[in-house]
Amino acid sequence: MVGVWPDNRHQAAVLRLLRDGGPRSRAELVDAVGLSRSKLAVEIDRLIDRGLVDTAGPAASRGGRRSSVVRIAAATRYLGIDIGASTLDLAVTDGEMRLLGRVNERTDLRKGPTAVIGQALEMINKLRVETGTTRFTGAGVGIPGPVSFREGMPVSPPFMPGWHRFPVRETLAAELSCPVLVDNDVNIMALGEMHSGIARSFEDFLFVKIGAGIGCGIVAAGEVYRGATGSAGDIGHTSVDPHGPVCVCGNTGCLEAFFGGAALTRDALTAARSGRSPHLAERLREAGTVTPVDVSVAAADGDPFAMNLVRDGARRVGQVLAGLVSFFNPGLIVIGGGVAGIGHALLAEIRSVVYRKSLPLATGDMPIALSEMGDEAGLVGAARMISDHICHDQSVHSAPTRPEAFAAH
């Protein structure tokens with residue numbers, strides 16, 4: 001993909017400003033980037049030549065000669081792929097991360113990466129037709145398990161047999177002929193919240209996903225912190241009870257084994273079959289199974305067992321987060337994921353534990369809130385992830401994001 005990368009920090013700054021703030025006049029960019037008008041003109045002309053930005057008519061007059069408006073190239077198209085535990089969610093965005101088209105299908109990760117990625121490629125073809133996209137500027141992929149970001153592949157994901165070290169990035173890059181980055185799904189959801197959600201004005205925050213698994217995206221100084229090998233934030237496998245149930249990771253008493261989606265389904269089925277929860281028992285008779293959504297509905301209807309299940313799980317999540325608050329001192333905690341659909345009963349218990357167990361200095365001005373983006377966070381975040389690396393001064397990049405990492409394209 002020769003020519004799609006800015007070649008200095010000034011060009012990168014222009015791209016980020018236009019992506020995050022929309023079209024701007026050349027005069028406004030002079031003020032924001034800190035270059036003289038003539039030097040900025042040279043950099044913008046180079047970006048236009050590369051097809052990274054367009055001009056969009058004259059700007060409003062500020063006195064004197066009118067400036068022109070500059071925007072991210074209208075042809076810019078990012079692909080976001082959010083691989084969930086049981087769903088594939090794909091979207092195309094423009095250069096400002098606005099969703100232009102979206103498709104969603106059920107899937108089964110146990111069929112292995114070849115089958116699931118093949119299904120994703122078929123969905124991508126539908127999106128191409130729906131949005132009129134002939135070429136993607138880049139693609140971002142989220143995976144529900146540990147990911148080596150540098151290598152672009154999952155590493156020993158607990159409930160994804162056959163996915164260990166499968167070359168997801170290389171496979172999709174070869175099929176799509178564009179740069180591809182792969183990360184843990186929680187990290188891309190954190191990026192989505194930072195771009196379009198309630199975390200827009202925060203540079204240090206935690207995004208906690210409670211779904212089939214439980215994970216935490218850590219954003220520090222406006223950047224996702226992945227740790228030395230990419231496993232930072234894997235709080236679902238923090239032990240909260242050494243005598244607890246066995247987790248899919250092989251350890252006992254993990255947070256996820258108590259309150260992940262599979263754990264909630266397990267406990268809800270047990271309660272439904274034993275009659276301890278009349279609401280869930282009725283749901284089991286009607287549907288043949290129960291889900292975390294049914295637990296949410298039962299709790300909202302005042303079912304005592306479901307309410308206790310939510311409180312107990314939320315209390316354990318709060319205990320883990322209280323430790324993170326004392327260690328990291330975030331400005332905000334956002335709660336998302338499918339189980340977060342339980343809503344304010346879940347949020348109230350988490351807040352109660354965190355605020356009670358953390359130091360006042362750390363929690364005094366720290367909100368804990370439910371995500372308002374829902375599953376769009378992952379799609380916007382996946383697009384934002386690849387955009388971040390394209391809208392960056394490549395002279396200071398390290399693998400896998402420098403252009404030679406995508407030399408085949």
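Tutor: Residues are numbered from 1 along each chain as its sequence is written. In this predicted model, local features need pLDDT of at least 70, side-chain atom pairs count only at pLDDT 80 or more, and totals for chains, interfaces and linings use all residues, while side-chain values use heavy atoms, leaving out hydrogens and water.

Student: Why are α9 and α10 called oblique to each other?

Tutor: Helix α9 (residues 278-287) and helix α10 (residues 292-300) pack at an angle of about 140 degrees, and their axes are 9 Å apart. Angles under 35 degrees count as roughly parallel, over 145 as roughly antiparallel, 65 to 115 as roughly perpendicular, and the rest as oblique. The pair α9 and α10 is therefore oblique.

Student: Which residues make the contact?

Tutor: From α9 come H279, L280 and R283, and from α10 come D294, V295, V297 and A298; contact means heavy atoms within 4.5 Å.

Student: What makes S352 partly exposed?

Tutor: Buried means under 20% relative accessible area, exposed over 50%, and partly exposed in between (1.4 Å probe, protein chains only). S352 has a relative accessible area of 35%, so S352 is partly exposed. You will find S352 in helix α12 (residues 344-357).

Student: How do you know whether A221 is buried or exposed?

Tutor: The relative accessible area of A221 is 54%, so A221 is exposed. A221 sits in the loop between β12 (214-220) and β13 (223-224). Phi of A221 is near 55 degrees, a positive value in a residue other than glycine.

Student: Where does R165 lie, and why is R165 called partly exposed?

Tutor: R165 belongs to the loop between β9 (153-154) and α5 (168-176). With a relative accessible area of 37%, R165 is therefore partly exposed. R165 also has a positive phi, of about 60 degrees, although it is not a glycine.

Student: What makes a set of residues a nonpolar core?

Tutor: The set must consist of buried Ala, Val, Leu, Ile, Met, Phe, Trp, Tyr and Cys residues joined through side-chain atoms within 4.5 Å. The largest nonpolar core here has 42 residues, and those touching the most other members are I210, F259, L321, I333, I335, L346 and I350. Helix α11 (residues 304-328) gives the most to this core, with nine residues. Apart from this core lies another, of 41 residues, including L35, I188, A382 and M385.

Key. Axes are lines fitted to C-alpha atoms, for helices over the stretch in contact, and angles run from 0 to 180 degrees between N-to-C directions. Helices (H or I, at least four residues) and strands (E, at least two) are DSSP runs, numbered from the N terminus.
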